[in-house]
Amino acid sequence: MWNEPFGTRLRARLDKYGPLCVGIDPSPELLGAWGLDDSPAGLERFARTVVAAVGDVAAVVKPQSAFFERWGSRGIAVLERVIADLREAGTMVLLDVKRGDTGSAMAAYAEAYLDQGSPLAVDAVTLSPHLGFGSLEVAITKAVANDAGVFVPAGVFVPAGGSTRARDPEADRLRAANAGEVLAGAEAANAGHAPLGPVGVVIGTTPPPPDLPPDLSPNLPLDRLGGAILAPGLGAQGASPADLARLFAGVRQAVVPSVSGAVLADPDRVRDLTLRYRDECADHLSP
Ligand SMILES: O=C(O)c1cc(=O)[nH]c(=O)n1[C@@H]1O[C@H](COP(=O)(O)O)[C@@H](O)[C@H]1O
């Protein structure tokens, strides 16, 4: 179905539309704010309104599978429809499912989301590395064979809650070890692929408490990653495009900021706010 590798297609879209991923997170709270029922019909109305508003202006759209899975087969049917709509709009679809398992189970997840013959096939999925980065290899192989990609959380370097939350040195050490394994695995999988490889990482970017360095690049070998960096935290969690430019100073071109809540609060403003975030991100993240 696609005839170019994921990283080539992603680079082209980021260059053409600007660096932004819009999340579709139809939480019960947002459905209520839109005056919609918390039901499959409300879910469908919400998600398809977002697709109509941003499908032709956002480089990437990220439906959060959890909010569809809440409704069992009816929710998954809505998700299939939304994926089809996004494809028709031409945007890239990153399905946020955070799957991670071993052996044949991981292979089956890969088939579900990355095999282009599957009803839930998307451009990329998020995977969870909690069973070790090696457990994801089967999915990465499937992604490459299908011109698709994967995104793997590399830890939230900046703890949720920012400076108000007490730091836990042991938790920080474990996070750093996990991030090191993910970054090394991603770097190896991306070797030989240009301009971006099939394996991106996710780094949450709640604004830094004062004790963290202003620029993450010296602490993380992100310049060797060779893949995209999905950076949620924009807007609702407090990060601004300027924060992202500072945190990722050495690797700005690879950053794909992700915004959900901050553009989804009002159905009449989704497009407008998306354009505003997109243009601000483009201004701050251009090389
Ligand atoms: O993997 C993610 O997308 C993710 C990683 C992370 O560190 N923090 C984070 O909030 N997210 C996702 O970003 C979305 C929330 O976006 P906001 O409403 O913009 O804060 C949810 O779908 C989260 O699962």
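Q: Let us start with a term: two strands pair if DSSP finds at least two bridges between them. Which residue in β5 stands opposite Thr-126?
A: This is a predicted model, in which local features need pLDDT of at least 70 and side-chain atom pairs count only at pLDDT 80 or more, while totals for chains, interfaces and linings use all residues. Residues are numbered from 1 along each chain as its sequence is written. Helices (H or I, at least four residues) and strands (E, at least two) are DSSP runs, numbered from the N terminus. Strands β4 and β5 pair in the parallel sense over three bridges, and the residue facing Thr-126 in β5 is Phe-151.

Q: How many strands form the closed barrel?
A: The chain has 11 helices and eight strands. The barrel runs β1-β2-β3-β4-β5-β6-β7-β8 with parallel pairing. Counting along the barrel, the number of strands is eight.

Q: What angle does the direction of helix α7 make with that of β5?
A: Helix α7 (residues 137-145) packs on the sheet and touches β4, β5 and β6, where contact takes C-beta atoms, placed from the backbone, within 7 Å. Buried residues in α7 are Val-138, Ala-139, Ile-140, Ala-143 and Val-144; buried takes 20 or more other C-beta atoms within 10 Å of a residue's own, exposed 12 or fewer, and partly exposed is in between, with C-beta atoms placed from the backbone. The angle between the directions of α7 and β5 is about 145°.

Q: Why is β5 largely enclosed by the rest of the structure?
A: On one side of β5 lie Gly-149, Phe-151 and Pro-153, and on the other Val-150 and Val-152. Both faces are covered, and the strand is largely enclosed because its buried residues number five of the five.

Q: Which residue in β7 is the bridge partner of Val-201?
A: Val-201 sits in β6 (residues 199-202), a strand with both faces covered. On the β5 side, β5 and β6 pair in the parallel sense over four bridges, with Val-152 opposite Val-201. Strands β6 and β7 run parallel and are joined by two bridges. The partner of Val-201 in β7 is Ile-229.

Q: Which two elements give two or more residues to the shell around the ligand?
A: There are 18 residues around the ligand (C-beta atom, placed from the backbone, within 6 Å), and Gly-204, Pro-232, Ala-236, Ser-260 and Gly-261 come nearest. The shell divides into seven nonpolar, nine polar and two charged residues. The elements that give two or more are β8 (255-259) and α10 (261-264).

Q: Is Asp-147 buried, exposed or partly exposed?
A: Asp-147 lies in the loop between α7 and β5. Its phi is near 55°, a positive value in a residue other than glycine. Most residues other than glycine have a negative phi, and most peptide bonds are trans. Because Asp-147 has 19 C-beta neighbours inside 10 Å, it counts as partly exposed.

Q: Which residue is joined to Ala-194 by a cis peptide bond?
A: The bond in question has an omega of about 5°.

Q: What distance separates the C-alpha atoms of Asp-85 and Gly-55?
A: Asp-85 lies in helix α5 (residues 72-89). Not counting residues up to four places away in sequence, Asp-85 touches Arg-48 and Val-51. Gly-55 is 30 residues from Asp-85 along the chain, and the C-alpha separation of the two is 8.5 Å.

Key
Nonpolar A, V, L, I, M, F, W, Y, C, P; charged D, E, K, R; others polar. Contact = placed C-beta atoms within 7 Å. Axes fitted to C-alpha atoms, helices over the stretch in contact; angles between N-to-C directions.
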